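Visitor: I have a structure open and a few questions about it. Can we go through it piece by piece?
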Amino acid sequence: MDTAGLVAQILAVNGGVVVVAGHTNTLPAVIQALGGPAGITIAETEFNRLFVVTGAGAHAAMVAMRYGKP
């Protein structure tokens, strides 16, 4: 996956909401490249994770959530 290219496309969106769906081995790099924290791990059996990143770079904030029944 071209993480840098994807992040460039995300950052090029002027306003609105961008939804990125990915896999356990791709989303942590995208989150980090947008300014989120490093070291996020997602187990291959986890399908109930949702990460919301607002802003970018030094102005980024992230909230990690779970949905559905535990």
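Visitor: Where is Asn48 placed?
Guide: Asn48 is in the loop between α2 and β1. Keep in mind that this is a predicted model.

Visitor: Is Asn48 buried or exposed?
Guide: Asn48 is buried, because its relative accessible area is 19% and the cut-off for buried is under 20%.

Visitor: What does Asn48 touch, not counting residues up to four places away in sequence?
Guide: Asn48 touches Met65, Arg66 and Tyr67. With Arg66 there is also a polar contact between the side chains, at 3.4 Å.

Visitor: Now Thr26. Where is that one found?
Guide: Thr26 is in the loop between α1 and α2.

Visitor: And which backbone nitrogen does the side chain of Thr26 reach?
Guide: The Thr26 side chain reaches the backbone nitrogen of His23, at 3.0 Å. Thr26 counts as buried, with 17% relative accessibility.

Visitor: Let's go to the helices. Is Val7 buried or exposed?
Guide: Val7 is buried, at a relative accessible area of 6%. Its place is in helix α1.

Visitor: What is Val7 in contact with, leaving aside neighbours within four places in sequence?
Guide: Val7 is in contact with Val30, Ala33 and Leu34. For Val30, the C-alpha atom is 6.7 Å from that of Val7, and the two residues are 23 apart along the chain.

Visitor: Gln9 is found in helix α1 too. Buried or exposed?
Guide: Gln9 is exposed, because its relative accessible area is 56% and exposed means over 50%.

Visitor: Where is Ala29 found?
Guide: Ala29 is in helix α2. At 35% relative accessibility, Ala29 counts as partly exposed. The C-alpha atoms of Ala29 and Ala4 are separated by 9.4 Å, and these residues are 25 apart along the chain.

Visitor: Change of topic. Which residues make up the largest nonpolar core?
Guide: The largest nonpolar core has 5 residues, namely Leu27, Ile31, Ile40, Ile42 and Phe51. As background, nonpolar side chains tend to be buried together in soluble globular proteins.

Visitor: What does Ile40 touch, with residues up to four places away in sequence not counted?
Guide: Ile40 touches Pro28, Ile31, Phe51 and Met62. Ile31 and Phe51 are among the core residues.

Visitor: What volume does the largest pocket have?
Guide: The largest pocket has a volume of about 880 Å³. It is lined by 31 residues, and those closest to its centre are Val18, Val19, Val20, Phe51 and Val52.

Visitor: Which element gives the most to the lining of the largest pocket?
Guide: β1 gives the most, with 6 residues. The elements that each supply at least two lining residues are α1 (3-12), α2 (27-33) and β1 (49-54).

Visitor: How many residues of each class are in that lining?
Guide: The lining of the largest pocket has 20 nonpolar, 8 polar and 3 charged residues.

Visitor: Last one, Gly68. Where is it found?
Guide: Gly68 is in the segment after β2 (61-66). With a relative accessible area of 68%, Gly68 is exposed.

Visitor: How many Å apart are Gly68 and Pro28 in space?
Guide: Gly68 and Pro28 are 21 Å apart, C-alpha to C-alpha, and 40 residues apart in sequence.

Key
Residues numbered from 1 in each chain as written. Predicted model: local features only at pLDDT ≥ 70, side-chain atom pairs only at ≥ 80, totals over all residues. Heavy atoms only, no water. 1 Å grid on protein atoms, 1.4 Å probe; cavity = no way out; pocket = protein on both sides within 12 Å on 5 of 7 lines; lining within 4 Å. Points joined across faces, edges and corners; volume = space filled by probe spheres on them. Helix = DSSP H or I, 4+ residues; strand = E, 2+ residues; numbered from the N terminus. Nonpolar A, V, L, I, M, F, W, Y, C, P; charged D, E, K, R; others polar. Buried < 20%, exposed > 50% of the residue type's maximum accessible area, 1.4 Å probe, protein only. Polar contact = N/O pair within 3.5 Å; in protein donor to acceptor, adjacent residues only side chain to side chain. Contact = heavy atoms within 4.5 Å. Core = buried A, V, L, I, M, F, W, Y, C linked by side-chain atoms within 4.5 Å.
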